[in-house]
Amino acid sequence: MIPISAYLIVAAVLFGIGTVGVLISRNMIVVFMCVELMLNAANLALIAFSRALNIMDGHVFVFLALAVAAAEAAVGLAIVLAVYRNRETVNIDRFDMMKW
Amino acid sequence: MIDITAAGLDFSLIAPEIALLVAAFIILLTGYVRGLSNLSFTIAFIGLVVGIALSVGQWGQQASGFYGMVTCDNFGVAFKVMFASITLLVLLLGTRYMKSRGILKPEYYALLLISTMGMMVMANTTDLVVMFLGLEIMSIPLYVLAGFARRSLESNESGLKYFIMGSFASAFLLMGIAFIFGASGTTELRRIVADIGFIIDHHRIFLYTGVTLILVGFGFKVAAVPFHSWVPDVYQGAPTPVTAFFSVGPKAAGFAVLLRIFLFGFAGLAFLSSVFWVLAVLTMTIGNVLALRQKNVKRLLAYSSIAHAGYILVALAVGGENAISAAVFYLVAYAVFNLGGFAVVTLLETRSGCKSDFVELPGLSKAHPYLSAVLALFMFALSGFPPTVGFFGKFYLFAAAVKANFIWLTVIGVMNSFLSVYYYLRVIKASYIDPSEKSWAPVTYSPAMLVVLFITVIGTLGLGLFPQQLLQFAREAIFAFL
Amino acid sequence: MFETFFPILLLVVFATLLAILLVTFSILFGRRTKLGKKGESYECGIDPVGSTKDPVPVKFYLIAILFIIFDLEVVFLYPWAVISRKLGLFGFIEMLVFVVILLVGYFYILSRGALKWD
């Protein structure tokens, strides 16, 4: 039996990679993928806890979180697409019209 | 195992949400049918009025349904009425502006309604997962609304930034909920409250990690420093009526949930008070300092909204009945005069080419004496001058803080209020004293806008004259809370 | 601990061995040609034409975005399907409501012409 800490470590690592990716990446699509990675890390943690505690609730929450992530992905891609049509770039550093 | 039957579902508890959702669906389905497309505004209006009426009907109820997923109490009802009223005002103040920019589409109404419904879901529950779902139902339409002016580069940028920061925050929140679930085996706040001693003893690390992550997630949502950096850009770039909505609706919803989670659910964790102490001080100070040198009124109001979030965070640091009712009072008051301020900005921006920079204000007092007087009134209210409701909002908050012996927090808060007077007065100075160079393009009022201005002015002055009544209402709202 | 992970270790070892074996065999016994078709990306298939970075029409993205949503919402039908007998008529009506909500989205998309290909 693999201990729950193993799953949690994987979830934490995924979450960390996602966070760092969002903060340092220059490409919108990559930022977007990193956010999805963070959401899925949370899903992994939920499943692991659910299994360890032997409560089914966590599994149901993961279903809900998946649906939310899908809706977010759709809206996010649509926004990226709209931005790309106007700006012809997906580089985050170029979105600096408004400052201070 | 729970045996699920129809008997467990009491749909009257979520009737207001259903009303808004149905209205939004009708708008989506009829919006592009020839002959019916002009009805969108009416349908949205009716939906909101029905929503408010149904929410008011739930007042005084103390019920829980859907197997603990939905809780209907005065606190939730008060916020539900508030959300729907805010949306109603935004609907009235924004239609003309959206039309003048060529972006008045049926989706605008539908997204506003669905977002409002999300806020209601957030306020109407004590379950963390339902709160998360409500938050997402609220946020996802907001991302679209921020970028609603598809051809405008600023709006694009605003939508993109809001989306990235918003989904980033959601990920933190979900992770936090996962850890709370791991620590307590439930996401129901009432069950967590009952077990909090056991959880602290046995799963301290999971609990603290979860609480911290949730705090970060909501910190982003209510724009607490250091998670505020997205606010000015998003507020400035979004279409002005949408900004008006952002600055009051989601903020109130965020605080409703924060109050529930941290002053009810995790009230047993003593260290949270000092965390909120630091957050409150940082948020109001940095919000005010950064607002000092702004050149754009919308951006100024964005920083001011950060500062106001800081004042409300004082209530979270203090805790207790007085502070919570003061926070509810402040949220209502802030919604009234901030919407009023944005209504004036929206009105000014319906003139072509106007981006509400400070340099465009001079001459306003000569061309439109009434409008500039109204603008001045809202600025006085925002800075907290006595005859307005803004003064009493701050007064009750700081009084609660003093009573609970948070002297330094109060001193810093009051000093911040004085600091904020400077930049609010700059707006008044620009419209009254600064010499105008070019001729002033006249503003034309629409009936809907006049209604909004009337309501917000009456609210700002009237609630300022009778603050006791509003405070009494706030107390009743949190009656079953603690 | 060891018993739990032993199968995985075994798998890793076999996979590595097999890979090494196949590569060495092909180096030892294979014939080598460096001409013509060998240098192309698809040895047996259509000849590649042009760059792979051709812009794809926006239509594809739109369909993909819509697909994500409708695809994932179906996830809620599975748990219901597992115990649909137990939930009976009540569960069926609840699921109907859910599907109707999805249908509203579908009809909205239709009315905006997002699925028209031309």
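My notes on the chains and one interface follow.

I'm working from a predicted model, where local features need pLDDT of at least 70, side-chain atom pairs count only at pLDDT 80 or more, and totals for chains, interfaces and linings use all residues. Residues are numbered from 1 along each chain as its sequence is written, while chains are lettered from A and ligands numbered from 1 in the order in which they are written.

Chain B: I looked up its secondary structure and got 19 helices and two strands (DSSP runs numbered from the N terminus, helices being H or I of at least four residues and strands E of at least two). Its radius of gyration, taken over C-alpha atoms, is 22 Å, close to the 23 Å from the globule rule for 482 residues, so chain B is as compact as a globular protein of that length. That rule is 2.2 Å times the number of residues to the power 0.38. I checked burial too: 65% of the 482 residues in chain B are buried (20 or more other C-beta atoms within 10 Å of the residue's own, with C-beta atoms placed from the backbone).

Chain C: I found four helices and zero strands, running α-α-α-α from the N terminus. Buried residues come to 0% of its 118 residues.

Chain A against chain B: 31 residues of chain A are in contact with 29 residues of chain B (C-beta atoms, placed from the backbone, within 7 Å). On the chain A side, α1 (4-24), α2 (28-53) and α3 (57-87) each supply at least two residues, and α3(A) gives the largest share, 14 residues.

Conventions: A residue is buried if 20 or more other C-beta atoms lie within 10 Å of its own, exposed if 12 or fewer, and partly exposed in between; C-beta atoms are placed from the backbone. Two residues are in contact if their C-beta atoms, placed from the backbone, lie within 7 Å.
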